[in-house]
Amino acid sequence: MVLNKRIKRVLLENKAQYIGSILLIIFSCFTFTLMSQFAGNFERLANEFQDGYVQEDASFKTDKSIGNLQELESAANAVIEEGMTFDFTVSEGETLRIFSKNDRVNLPAIVDGKELSGRGDILLSPVFAAANEYKIGDELTILDKSFTVVGFMALPNYIYPLKSEEMMMPLPGFGTAVISKEDFAAFEQGNSFFAVKFNNVDQNPRAQSIQFRELLKSRGIDIVQWTDIEDNKRVNIVAAEVDILNLVSKGVPTAILLLAVILISNVIRRLINRESVIIGALYALGYRRKEIYRHYLTFPLLIAIIGGIIGTILGVFPVRAMVSFMLTAFIMPLTGIELNPIRMIISFLLPILFLGCSGYFIIRKELRQSPVELMRGNKEKSKVNFLERVLKLEKLKFPTKFKIREQLRSLSRLAFLLFGVAVATMLLLWGFTLKSGFDNMLTDTGVYTFKYEYKFEDLRYESLPAGAEPFSASLFLSEADAKNDFYVTGIMPDSAMVTLVDESGAPLSTNQVVITKPIANQLKLKQGDTVDIVRKLDGHIFSVRIDSIAETYVGKFIFMPLKDFNQKFEMPEGSYMEAFSNELLDIPENQSYSVVSLDDKLAAVREALAPTQSMIGGLATIAFIIGTIVIYVVTSLIVEENRNIISLMKIFGYRKKEINSLILNSSTIVVVIGYIIGIPLTFAGIGVLVQSMEDSVGLTLPPLRIDLPYILIGFIVVMLTYELSKLLCRKKVNTVSMSEALKSGME
Amino acid sequence: MFIDISNLKKSYKSGVVINEVLKGIGMKLEKGEIGVILGPSGSGKSTLMNILGGIDRGDSGRVIVDGIEVNNLNDDALTDYRRGDIGFVFQFYNLVPNLTVGENIEVVSNISKSPLNTDEVLAAVEMQDKKHRFPRELSGGEQQRVSLARAIVKNPKLLLCDEPTGALDYFTSRSILLLLQQVNKKYGTTILMITHNAAIAAMANRVFKLRSGEIVEAAVNQITVPAERIEW
């Protein structure tokens, strides 16, 4: 159709609007492709690793050794392998958890180098090796025995290498290592544990785990520690990460795509309005409605196709880099990147579908007029909408009235600007809010006043020196909510190591049952309630009456006096399994234990927050670009629609500064409102994310709030995009000539 | 002499073609008079008006308005000149569609040093009851009244009217011409009007006939006809 020859010319005439639209589509497809392919690959790698290297279904410790393991395996229809481990302090702040190499469950996957080939070989986790600059071939001395690093490996039960399950973030100086069983035996130390993999793939592993525990019990074997893989924070955080990636891969591109849809709808509506006389003439010349439809549909479809292809292709390139980056935190082998063609097709087709449909409806609405009406032209331009009509602005100064009317003139343009600024604000504040949450969590550690936390392998009865307090903790579930577990912790009455306060900030005695706020919220408990809780180790049910609720978000805990703890949970009187201390304790050599310092925990959180800074920087850049596109496109639309008014103002003797102030500054209030709207939307978005984290890994963040400095920084960034857009549009205003108003009549 | 133009020349270059629009025009108009420029399309009337209004510049010659040599003003001084001294009335009204009648008048009063009262000028054009209406809700004649009110609110020294009745029917046109005459009398505003309609010349003090960039006839009417008696 000869008419289509003008498409290129029309696109070039209004470059800003079309380039802005294409950029938004590119952004949308880029983020969708990148995030979805990234999430897909991450999930696939995790699944392949877990299946290929026989990830355990549960790990456990028993009070005594299991005699005939083969017989137990066939009775339980499972593969059971006994492993050995101990923590070795390489240097100050550098700890290696050394495992004997398993052959049947939790097999180490070589990510670089080669397998253990004999005695004196050692495999290290790549993150530990990188952090401490160990290379393949380096020598490492452990308890006076020399080892050669032959390769780097990943363990399927240590994907996220937490030193202890109570921690949230891996410690920078903590890593895992695998040596041969013979080498391990030669040390003559370490703790034994069992990893079990059930053979029946059709039955739920948790159900099999319950049956297996019953089986052990029936054989007189007491379990002292049990962790189902679903509760293993070193593994289940992978699922949480995939959930978050999937959430982000849908939310962000959809928001940007919607922005593009609103923008294109605006642009097409304006194009048709501007060309209504031409369209009327084409009808009069015998063109069919279908042909006109097809012509105008070409614009949104062309933008969707160009943006879709470029965005989808660009989104593919960084997938490998993103996965590799992710695997520096989640230790898994990178076997390759697979691109899911369906996701690529969706990425390409989605903008076509969205823009095609919205474009079709806009064109249909605009072309509903008769050829005569169309030829009469520009009805839309002089229309006054409901809001403009009802607003009484008499008492305001003229510039204020003018700016308000300018914004209300096009409600779709107003919606686009509001929505665009809100989306940019959300992206900008997303990182800031998370950082505020973590900052608050770090400062909330006032609840603990000890320096070291000891965990003993066996029950202890010995009294502790001054400056140390015994405690015991067990994992429980609520009968009503079997998904999220929590600790019940027996501590010293009137503990000096654990300081709890109530909602008003008044101190709470620890000589009673106190629950922390996250668990109270989760189980909807209030003071005086009684809750039935299930001990995860053996499924026993206990009732606990809540005396007080502590206003703290350090974790999900029920604190009670240690004596009551032992009594209620049938533990030997005077026993304890853990200890808080302000000094390092002198523990006899025959007692196994692990120790974590509170400073290490905080250092881990701070370390983990470091990448957050770059994430915030990245998000701020994207927000800046989107904000600039949106505000620039809207401002240029305003200039475009007001060419006659600008021209008229010049004739009337308005100075450049005055025109710029009236026309370009008219969006200021909308940008500010968009930013303000963006703040609660950010909270809502992050609320979904945090809920997902809480559901997946039981991570609890304090109630979301964003600190004032971050709000101000966000505001400055948004206003900078606004000023930049105005600067870019100032030239457009200056080029409007006075003759434009003279040549055309506006009414 | 309020307006004193002599030997004004203006040409436009389009590619290699030079179009000489004004070929050495001279004209004079006293303060408080109404002048009418008659001429066919392409005769140079609009160009002459644009130069007088400070929207365009002549290539050579002298254009003096109330003692100001308009042709010699720089861009900023021209802006001040338009801002303070000149009122414009256009053939197609050029009202801002999303501003009410009152606000359209404020577009000009907003930048005037000592504007007239908006209600007073609205009353002068008999539009006070439509102050809160939008242009779309007015007839062509009413819109031209608003356009006139907008032009006179700054109490300009010179009111330039480009075919003010060109888009109106006979009766409405007469009412607008009557208003112009009333404004001229009430505020002492000098008015220069360009038109195709020769009948309008009867209400002017001076009439200039323009053809192909030259004034072919300049006449002084000793007796001007009230607008309500003009017929065509």
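Contact means heavy atoms within 4.5 Å. The legends below use the word in that sense.

This is a predicted model, in which local features need pLDDT of at least 70 and side-chain atom pairs count only at pLDDT 80 or more, while totals for chains, interfaces and linings use all residues. Residues are numbered from 1 along each chain as its sequence is written, chains are lettered from A and ligands numbered from 1 in the order in which they are written, and side-chain values use heavy atoms, with hydrogens and water left out.

**View 1. A:Asn642 in a loop of chain A.**
A:Asn642 sits in the loop between helices α19 (598-641) and α20 (643-652) of chain A. Helices (H or I, at least four residues) and strands (E, at least two) are DSSP runs, numbered from the N terminus. The relative accessibility of A:Asn642 is 0%, so A:Asn642 counts as buried. Buried means under 20% relative accessible area, exposed over 50%, and partly exposed in between (1.4 Å probe, protein chains only). With neighbours within four places in sequence left aside, A:Asn642 is in contact with A:Glu406, A:Arg409 and A:Ile663.

**View 2. A:Val150 in strand β7 of chain A.**
Strand β7 of chain A covers residues 145-154 and includes A:Val150. A:Val150 counts as buried because its relative accessibility is 8%. Leaving aside neighbours within four places in sequence, the residues in contact with A:Val150 include A:Gly113, A:Leu116, A:Ile122 and A:Ile136. A:Gly120 is 30 residues from A:Val150 along the chain, and their C-alpha atoms are separated by 9.5 Å.

**View 3. Chain A as a whole.**
Chain A has 24 helices and 22 strands. Its C-alpha trace spans about 100 × 60 × 45 Å along the principal axes. Of the 747 residues in chain A, 54% are buried. Among contacts between residues at least 6 apart in sequence, 81% join residues at least 24 apart.

**View 4. Chain B as a whole.**
Six helices and ten strands make up the secondary structure of chain B. Chain B has a radius of gyration of 17 Å, close to the 17 Å that the globule rule gives for 232 residues, so it is as compact as a globular protein of that length. The radius of gyration is taken over C-alpha atoms, and the globule rule is 2.2 Å times the number of residues to the power 0.38. The C-alpha trace of chain B spans about 50 × 40 × 35 Å along its principal axes. Buried residues are 57% of the 232 residues in chain B.

Four strands of chain B form an open sheet with antiparallel pairing, in the order β2-β1-β4-β5. Strands β2 (17-29) and β5 (68-69) of chain B are at the edges with a single partner strand each, so one side of each has no neighbour in the sheet. Two strands pair if DSSP finds at least two bridges between them. Ten bridges link β1 (residues 3-14) of chain B to β2(B) in the antiparallel sense, and B:Lys9 stands opposite B:Lys23 in β2(B). Helix α1 (residues 45-52) of chain B lies across β1, β2 and β4 (60-65) of chain B, at about 115° to β1(B). Axes are lines fitted to C-alpha atoms, for helices over the stretch in contact, and angles run from 0 to 180 degrees between N-to-C directions. Seven of the eight residues of α1(B) are buried, among them B:Leu48, B:Met49 and B:Ile51. B:Gly54 follows α1(B) and has a positive phi, near 80°.

**View 5. The six-stranded sheet of chain B.**
The strand order in this open sheet of chain B is β6-β7-β8-β3-β9-β10, and the pairing is mixed. Its edge strands are β6 (86-89) and β10 (214-220) of chain B, each of which pairs on one side only. From one strand to the next, the twist averages 15°. Strands β3 (residues 34-38) and β9 (residues 206-211) of chain B run parallel and are joined by four bridges. B:Val36 stands opposite B:Val207 in β9(B).

**View 6. Helices α2 and α5 of chain B.**
Both helices are shown with strands β6 and β7 of chain B. Helix α2(B) lies across β6 and β7 (158-162) of chain B at about 70° to β6(B), whereas helix α5 (residues 140-152) of chain B runs at about 175° to β6(B). The buried residues of α2 (residues 75-85) of chain B include B:Leu78, B:Tyr81 and B:Arg82.
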